[in-house]
Amino acid sequence: MKNNLSQAAIFFVLLFALSLAGFAQEPEELPPAAGDPSEIAALQDADIVIGLEEEEPEVPVTTVPLPSGVTLRDLPNDDGTGLYLTWEAFPEESPELTYTAYLAETPNGPWLEAGSIAGNESYMEDHGHYFPIFYWFKKSREAKLHHVLLVQDVATGEFDAKGNAIRLPEPEGFTVRPNVGPKNKDGRPIEPGIIDPDTGEEKVSTKLVEIQPRTIGELYVKLEARLGDATAEYPEVLSATARENWFDVSKTNMLILAVLFGATVLYFISRARRDPNLFIRKINGLDAVDEAIGRATEMGKPILYLNGMSSLADLSTLAALNILGRVARRVANYESTLVVPCRDPIVLTVAQEIVKAGFADAGRPDAYNEDNIFFLTEDQFSYAAAVCGIMMRDKPAANFFMGYYYAESLILAETGASTGAIQIAGTDAVTQLPFFVTTCDYTLIGEELYAASAYLSREPLVLGSLKGQDMAKLFMMVVILIGTLLVTFGMSFVKDLFKALG
Amino acid sequence: MQFFRKQFPILLAFAMGMTMFIREFVPAKIATDLYEGFTKWAIVIVGFSAVFAILSLLHHHVNRVRRKVPGYGYSMVTIIAFIQMLLLGLIFSVRPGTPVGWEYWWLFVPMQATMFATLAFFIASAAFRAFRARTWEALALLIAGLLVMIGRVPIGEFISPYLSDFAGWIMNNPNMAGLRGVVLGVALAQIAISVRIIFGIERTYMGGGD
């Protein structure tokens, strides 16, 4: 108790001492409230400049860096509608600094603002659009540049009645034709201004006009840097003509690889003609096809085959249809029933033809029933519901899910699993693969879907393509390994060879 | 006639395949125009194919009703729904506020949503099956799956701040490596099947076998 009292006494003494010290200081005069006219006038009359006494007030001088190294080029690898404007970037540029490009059809203007960028954006590396092998050498000389793409294209700008641009097309794509005022669709200029019948005043109306694309001939460009109110203009007016290109040089590596790969496949196909006993790796899912069809036949139940949810434009659907042809032939041999509900009308037509041909090839054209290959619906979940209904009612003994699938994959496969059917799936939809792996007895993962047709047919020509595909994969694996090692040691030229520059 | 059944489709596939391949490397406007033209053709063809779809649908279900196969009542519902929707659409148009619009918003959309919602239950049952650790691979899947799941919810952060990082590492490294392997294989396989189709080696899609 005594201790507590003494501590409290010390605390109050200290507090009192601190209060006295604070009170003893002179209170600072508060500055006049902002916008108080009397106080401001008083300050002005007294000619007081705070902090400078009698010296002249210093006016900050804004210096705008002059753009340098400005180049205007035809945009390579395009359809003749683009120009490329680049200039050297300063080591450090603030976002307050803006660059504005102006475009004209004549060297003397009139100039129309083509667009502007902030100082700290739109950088590029000066590797240009070279064949990749040269890119590596060029890279050592690369500089940090700003770039602006000036694209001539079909676009719509908004102009007032006097022909002044109000709203230009979207930033970065600048379709600009100076001196093009609002015009009718037949090309005649629209009369400037509309007289308001009520007031008699000339109204400044806005018109949407379509600017004709593809300005032929030279275009002139000038560049201006702006910082606050100060500007600096690149002294030279640049000119260039956009030209149409017939080959995209930036895709050269893609072309070479595609041709090389295609040639490898064709080589192995021709080799397969001479030596039909090519070794092809085993695909368990496809070995089970016969088992599934046999089981369905023994049980006297139908086989359900789905071609996926995509259209015929999708390669996985084509692969699924190829497998359908092989499956149809075997089903015809086993004298079983094949049910193919379709989602896409064109896939339906093709599937009907394929199954018909499969039955004919097997010597059982009479067993083909067109009614078993039918259209359900194009709607995703309605399709899933209808297929689930078929599974629950008809209880097919084997379900095939081939092609591309979306969120309905699990609904389909899980319902099929609940009916006790043997299920074989094949898809290149990587997001759906786990669902199929979980719920199906066999799953063809990615490329196996595409190999399935060749594998099932056992025809040397088609198997040869499979061998070529495997060789290409081996090549890619070696390149990835070498590239990874080289990049680890700081050498990137192998990686650059495969870089998409387009 | 044999030419139009066998050779002509192969020639057509070759011409179109090569044109589309070359187009990929030609930036000139003619290539873009060509592509746009083909796309428009495809739209027109798809439009016409809808007729086949309707005929197929009606043929299938009318046959089922006529033969009184088990469950033919569902086919009757389909036929009646099709006819009434067609008639209402023709009479009142298909805009919102019309009977077709009402059926769409208050019957079709809720049924779609219901079907989608069942996915949650299917995921639960599939997960139960997937996470039975009967083999070492399944055990690894189970552990990785649990870590990723826990690492991606707030409680994971609560248990250990490293858990979400570890879940991210699993997704970005082992998972991504596997995923890229699959994608690369698919890309190569797609080129191979394209070569087979363009050069007429793979003809199953024509419906004529080999």
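Here is a short walk through this predicted two-chain model, point by point.

1. A word on conventions. Residues are numbered from 1 along each chain as its sequence is written, while chains are lettered from A and ligands numbered from 1 in the order in which they are written. Because the model is predicted, local features need pLDDT of at least 70 and side-chain atom pairs count only at pLDDT 80 or more, whereas totals for chains, interfaces and linings use all residues.

2. Let's start with chain A. Its secondary structure comes to 13 helices and 20 strands; these are DSSP runs numbered from the N terminus, with helices (H or I) of at least four residues and strands (E) of at least two. Of the 502 residues in chain A, 35% are buried, that is, 20 or more other C-beta atoms, placed from the backbone, lie within 10 Å of their own. Among contacts in chain A with a separation of 6 or more, 68% join residues 24 or more positions apart; a contact needs C-beta atoms, placed from the backbone, within 7 Å.

3. A hairpin in chain A is worth a look. Strand 12 (residues 219-227) and strand 13 (residues 230-233) of chain A pair in the antiparallel sense over four bridges, where pairing takes at least two DSSP bridges. Two residues lie between these strands, and G228(A) in the turn has a positive phi of about 65°. L227(A) has A230(A), in strand 13 of chain A, as its bridge partner.

4. Now to where the chains meet. Chain A gives 67 residues to the contact and chain B gives 51. On the chain B side, helix 2 (29-67), helix 4 (99-130) and helix 7 (161-198) each give two or more residues, and helix 7 of chain B supplies the largest share, 14 residues. This side of chain B divides into 30 nonpolar, 16 polar and five charged residues. Here Ala, Val, Leu, Ile, Met, Phe, Trp, Tyr, Cys and Pro count as nonpolar, Asp, Glu, Lys and Arg as charged, and the others, Gly among them, as polar.

5. With 38 residues, helix 7 of chain B reaches 54 Å from its first C-alpha to its last, close to the 56 Å expected (1.5 Å times one less than the number of residues). A kink of about 40° is centred on M176(B), the bend being the angle between axes fitted to the seven residues ending there and the seven starting there. After helix 7 of chain B comes G200(B), with a positive phi near 70°.

Terms used. Two residues are in contact if their C-beta atoms, placed from the backbone, lie within 7 Å. A residue is buried if 20 or more other C-beta atoms lie within 10 Å of its own, exposed if 12 or fewer, and partly exposed in between; C-beta atoms are placed from the backbone.
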